[in-house]
Amino acid sequence: MSSTSGALPQPRRGRPGPWPPAPPPQPQAQPLSWAKRTGFQSRVSGESLPSASAPNSGQVPLPRPAERPSDLESGPPARPSSTLPAPPAAAGNGERQHPPAPPPQARTRRRDSEGGRPNGQAAAPPLPRLQEEEEEEAPERPAHVKYELRDTPGMLPLVVYGFQHYISMVGSIILIPLVMVPAMGGSADDMAAVVSTVLLVTGMTTLLHMFVGTRLPLVQGPSFVYLAPALAIINSPEFFGLNDNNFKHIMKHLQGAIIIGGAFQVGLGYTGLMSLFLRLINPVVVSPTIAAVGLSFFSYGFTKIGTCIEMGILQLLMVVIFALYLRKIKLFGYRVFLIYAVPLGIGITWAVAFVLTATGVYSYKGCDANIPASNNISAFCRKHVLRMKSCRVDTSHALRSSPWFRFPYPLQWGTPVFSWKMGLVMCVVSVIASVDSVGSYHASSLFVATRPPTSGVVSRGIGVEGVSTVLAGLWGTGVGSATITENVHTIAVTKMGSRRAVGFGAILLVLLSIIGKVGAFIASIPDVMVAALLCFMWAMLCALGLSNLRYSATGSSRNSIIVGLALFLSLSVPSYFQQYGVHPSVNSSVPTYFQAYIVASHGPVHTGSGGVNYVLNTILSLNMVIAFLVALILDNTVPGGRQERGLYVWSEAEAAKRESAFIKDYELPFKIGRPFRYFETAVYHR
């Protein structure tokens, strides 16, 4: 038979079988992370190492099963009945022609290795391969991270990587207080104190999570998930008309609500309920929920930028240029523009604004900046003073008035005030924060660990996040603490997965928190620059949420409809609640970008209880809650295969217990688990 492209391969002559026997087993190597075993390249940041399959794009597709169903609605594909390749389809039938599948000996790489599927599912045994062809055609794949979970870098890499890990996430850590404190009526000194407190609590909770949480290299800090409900509480009807000490009065109510929400999350994690809840949480649920968190602040972003349009646009363009157009440029072996996009953008824009302020371009033109806008009789001065306060860099006096050293301490704002209705809102939000964290746990474990954690380890991490939220409430950060969503993006960009480097950076944050000038310097960032940075951060948060769909069948009409419906309703339903009963002349004292958070005073829910009205109107006006409920109900009721839904696969407790590499990744240090037998049971037997 002549050799043609469509002919089946023939067995070699002089051999007992069609294919030579498999090569002898090699000695077992040191366990590698999921990413190294499969050649996984992240799509989160758009940055990946070059490979033969994608030399120019910088992106490598995720490993996927060797056989994909032709119809994504049909669920997982059936296994072929024979290992021989199927003959090519006949030409002329209108279908795309594919080259014939290679014979088994030409398959030099396994599509599916242990954990090699996108969610870490177990794969079928590999087909026999020729040793000589494997040596010629299977070059070593590049590692995705430079340092994995248990790696110990030297002192210099420890300092460098620990510092840049937090610098790349600086926007998520420091920007929330810059939005909340002015909304609460706080001064520049109050803002500096809150920023210092956030740095301290972020460092403490990250160390706590690294030692007794999931032990993954995840930074714990103020979460955007808590920002919208915090703004809703700040704009509650009972706080209208406050004149004196309104900042501390509102902060004490926030502290009480945050402590209640954190205690609820502690119970969710340590009772094992989270292990049961994990069965309902999948990428199709996580994706629109996180994306809705970023989309919910669209009314704040450009509305605030418009107060000083040139500085806001410049700030936004700087970050976009550094993060996108210059992302592949390396200096000293580092992608400095991508890693430091936010601080570089702040520095350049701030320098330009400083020059314009010092040279008199930004001047008050004879208007008195100390007169309140409501008392200014000149229409020109009212508008011009507000614009200059947004453009100039000398409007904050926090840097001059703040002390050099300040020690944040618990209950520094006073005794928390506990309100059941505000606490119940935070309990619901803590569930959303847990869903956000579950996606981060799974994605980060595929980068840096030998296998995903068990459901017990996930529950342990959620419990520690609840403890962290209680600490945030006691210290008074204004929002709860959770795993910052940008962790996965940061690990992908910096290639640093060592928890020791993350722990070193957390210690640096604790030290910086006691230097009062650091918090004052951050607090002096102009509002318009903060708004521009938040536009970028919220857009990236939305993109990171949608990136969870890479674990599912993204071409499935089922998944597309669920995600699309969840996102649309997450914008439409809260809009109905926020606009219900609102008249243009009512609540004019509240800025337009905060109008969405006064829904508790005019929402459509009217029952015999004012507290019930408050809870339902507030919860149903939160975009992320609507997205979560819609996606959760549809994903768990609409039929779909496991592969199509992309179910998260967590490690089995019994199998993980026998694997030494897994125990070293996730076991508690210093044998902490011994005094807590139930705790050990939660880790290994959930």
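## Helix 7 against helix 16

In this predicted model, helix 7 and helix 16 cross with right-handed geometry. Helix 7 spans residues 246–270, and helix 16 spans residues 420–448. Two packed helices are described by the angle between their axes and the distance between the axes. Here the axes come within 8 Å and cross at roughly 50°. That angle makes helix 7 oblique to helix 16.

Which residues of helix 7 meet helix 16? The helix 7 side supplies His253, Leu254, Ala257, Ile258, Ile260, Gly261, Phe264, Gln265 and Leu268. They meet Met422, Gly423, Met426, Cys427, Ser430, Val431 and Ser434 in helix 16. By class, this contact has 10 nonpolar and six polar residues. It has no charged residues. Cysteine 427, on the helix 16 side, has a relative accessibility of 12% and so counts as buried.

## The disulfide

How many disulfides does a search of the whole structure find? It finds one. Cysteine 308 and cysteine 391 form the bond, with their sulfur atoms 1.9 Å apart. The torsion about the S-S bond is about 120°, so this disulfide is right-handed.

Cysteine 308 lies in the loop between helix 10 (298–305) and helix 11 (309–325). Cysteine 391 lies in helix 14 (residues 379–391). The pair therefore ties together parts that are 83 residues apart in sequence.

Both partners are shielded. Cysteine 308 is buried, at 0% relative accessible area. Cysteine 391 is buried too, at 1%. Elsewhere in the chain, cysteine 542 has a relative accessible area of 13%. The cut-off for buried is under 20%, so cysteine 542 is also buried.

## Serine 498

Where does serine 498 sit? Its place is in the loop between helix 18 (487–494) and helix 19 (499–513).

The C-alpha atoms of serine 498 and threonine 152 are separated by 7.0 Å. Along the chain, these two residues are 346 residues apart. Leaving out residues up to four places away in sequence, serine 498 touches Tyr147, Glu148, Leu149, Asp151, Pro153 and Pro217.

Conventions: Residues are numbered from 1 along each chain as its sequence is written. This is a predicted model: local features need pLDDT of at least 70, side-chain atom pairs count only at pLDDT 80 or more; totals for chains, interfaces and linings use all residues. Side-chain values use heavy atoms; hydrogens and water are left out. Axes are lines fitted to C-alpha atoms, for helices over the stretch in contact, and angles run from 0 to 180 degrees between N-to-C directions. Helices (H or I, at least four residues) and strands (E, at least two) are DSSP runs, numbered from the N terminus. Angles under 35 degrees count as roughly parallel, over 145 as roughly antiparallel, 65 to 115 as roughly perpendicular and the rest as oblique. A crossing is left-handed if the near helix is turned anticlockwise from the far one by less than a right angle, and right-handed if clockwise. Contact means heavy atoms within 4.5 Å. Ala, Val, Leu, Ile, Met, Phe, Trp, Tyr, Cys and Pro count as nonpolar, Asp, Glu, Lys and Arg as charged, and the others, Gly among them, as polar. A disulfide is a pair of cysteine sulfur atoms within 2.5 Å. Buried means under 20% relative accessible area, exposed over 50%, partly exposed in between (1.4 Å probe, protein chains only).
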